[in-house]
Amino acid sequence: MSSKESILAAIQKNKPDLLPLPEHPEFPVEGDLVEQYKSSIKSNGGQALEAKGPEDIRSYLDIHFQDSQMMLSLSTVVEGNFDIALAEDPHDLEHVDLAILEGEWGVAENAAIWLPEERLKHRALPFIAQHLIVLLKKDRLLGNMHEVYQLINVSDSGYGVFIAGPSKTADIEQSLVIGAHGPRSMTVFLLD
Amino acid sequence: MKLPQTHADAAAEFLKDTDRSHWHDDTLWHVRSKRDASAQKIPEWEQLRTLASQIKDHVLSNLDNLLLQFEKNAQANGIEVLWAKDAQEHNEHVLRILEENQVKQLVKSKSILTEECGLNHFLEDKGYDVVDTDLGERIIQFNKQVPSHIVMPAIHLKKKEIGDIFHEHLGTEAGADDPQYLTEAARQHLRQKFIQAHAAITGVNFGIAETGGFVVCTNEGNADMGTHLADIHIACMGIEKLIPRAADLGVFLRLLARSATGQSITNYNSHFHRPRKDKKMYLILVDNGRTKQLGREDFRNSLKCIRCGACMNTCPIYRRSSGFSYNSTVPGPIGSILSPGMDLKKHSTLPFASTLCGSCSDVCPVKINIHEQLYKWRQVITKEGPSQPSKKWAMRFGGKVMSKPKLFDLMGRMARKSLSISPRGFVYNSFNAWGKHRELPEVPKESFKDWYKKNRNK
């Protein structure tokens, strides 16, 4: 008997009688989602800024990323200085200073942003970059995780990720350190 | 035959360092407090716990069908699915994959399952250098230790000790212990390992039956750094980690991080469904005692555990005795009900490492009745397991005395008399294990029975 067969046989022998699978009730979220989102991402070690248009983002980049050698934008709102088409292999992204992405959905309760791989080009991009900026339209903000799972189909993409803040760790005496392996900062621009 | 070290003996070792034990206690209580604050912000928290528990109840009652559905969908996604009945088979699958793909260098993100299977030692014996990439795990790997907590593996170490470890292994400045500085050193070191790795091993937080994909949660992003750069991804998953629907993630992701550390969610929650183009993804489904536990009616629902660690952070025994005192891959209250099912002899003292206060059950996000199961394991162990001789003798004696009212009265009178006149050393000595850390109450002048006789007619 193969391992698969023996495991399944053991389950059939040992499992209890079938118990029902509950339906998901709705848990509506009230209040200002933009404010909730801002407060959530702050707790996760990131920040959210409201932007009226591309010029707000550009001026932010001018102040904070003027020395970036490798700024990679997958957004149509602002341009970078490196074309992702030149990166055939994810290892070519090793020295990316800043990645700018567009999020599909944002979740106010925990700041998570859904990024299916079509929005990343390379799955490694939002992890290997030293800093991360995500643009999100305010009308793409949802209250909680139940709502977002109603709207996305996780298997449409080979890979998708909820990113809720920069790379962080507290493994040394519970001291929070931002920038464990991935981005040392995450800024979300909430666009009208 | 040498009996395995008891939990109490191991805890006594830890408690010798009073400062450290207080610090450990305070640190974990702080995490517990953050969990409370976070949970209290969610009005439907209790409803979510009930839902999570019911979903897992369904999973356990339909596990065979869900596993088949999961396998079918995963295969259709291009994931190679392997089954392992025990740790040995799991490790051999991993080795075969590495050999077939001529992998030389590999990185690994946190996986309690691979700890349970002893994968690192197995691969190291075959000549592989396994690089753990979770910061806490890398620290203890350098220090040749195992995790003392499932979410915070290096919680037993102080930053000064970590500074010394990094000085030795990464060449950081002697005496430097700033967490920011040490984390940066680890970042630089591990980045090289990520860039060079041919294969990445990860655990699995949730397998989704209806879509044939799986979810991995981290704060550091180390699982993603590994898998998206390497050609081979090997995901190791206990068979109980299944959930039926993607929408169930809404419930579990809301509960997991809040229960673990008080965060609203981990910063990275990755959903893997298909390998990258021309790359390979393997998924190993591991039993290793889980189907046996499924057959134990009293202990079955320990398999609902989602490994958040909340029961450890709240446990008065865990906080004061540290993870190592349990000598088990999963320590703390949940480990004390899972591990006896794997090896009753080795872990026979764990169900006694509890005050049965029930706090573990109160914080459990999937509502496992942990403290009731601890009590049930005690009964099983006392009936068949190797109990300590002193305890056995005391119980037998106590049982005899209490079954005979006249003898009980006599013993009571004798005890009241002798205790009130005995010198301290006569009562508190090596024969009185109970009195080692406890004071007897003040000896009353009369028994309750005598007092009642005197007072009932007043």
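In chain B, strand 4 (residues 199-202) and strand 7 (residues 232-238) run parallel and are joined by four bridges. Strands here are DSSP runs of E of at least two residues, helices are runs of H or I of at least four, and both are numbered from the N terminus; two strands pair if DSSP finds at least two bridges between them. Within strand 7 of chain B, B:A235 stands opposite B:T202. The model is predicted, so that local features need pLDDT of at least 70 and side-chain atom pairs count only at pLDDT 80 or more, while totals for chains, interfaces and linings use all residues. Residues are numbered from 1 along each chain as its sequence is written, and chains are lettered from A in the order in which they are written.

Axes are lines fitted to C-alpha atoms, for helices over the stretch in contact, and angles run from 0 to 180 degrees between N-to-C directions.

Between the chains, 62 residues of chain A are in contact with 68 residues of chain B, contact meaning that C-beta atoms, placed from the backbone, lie within 7 Å. Helix 1 of chain A supplies the largest share of the side of chain A that touches chain B, 10 residues. That side divides into 28 nonpolar, 24 polar and 10 charged residues. Ala, Val, Leu, Ile, Met, Phe, Trp, Tyr, Cys and Pro count as nonpolar, Asp, Glu, Lys and Arg as charged, and the others, Gly among them, as polar.

Helix 1 of chain A packs against helix 4 (residues 63-76) of chain B at an angle of about 150°, with the axes 8 Å apart. These two helices are therefore roughly antiparallel to each other, the term applying to angles over 145 degrees. A:L8, A:I11 and A:Q12 of helix 1 of chain A make the contact with B:L63, B:D64 and B:L67 of helix 4 of chain B. Strand 8 of chain A also pairs with strand 9 (residues 268-272) of chain B, in the antiparallel sense over five bridges.

Notes
Contact = placed C-beta atoms within 7 Å. Parallel < 35°, antiparallel > 145°, perpendicular 65-115°, else oblique.
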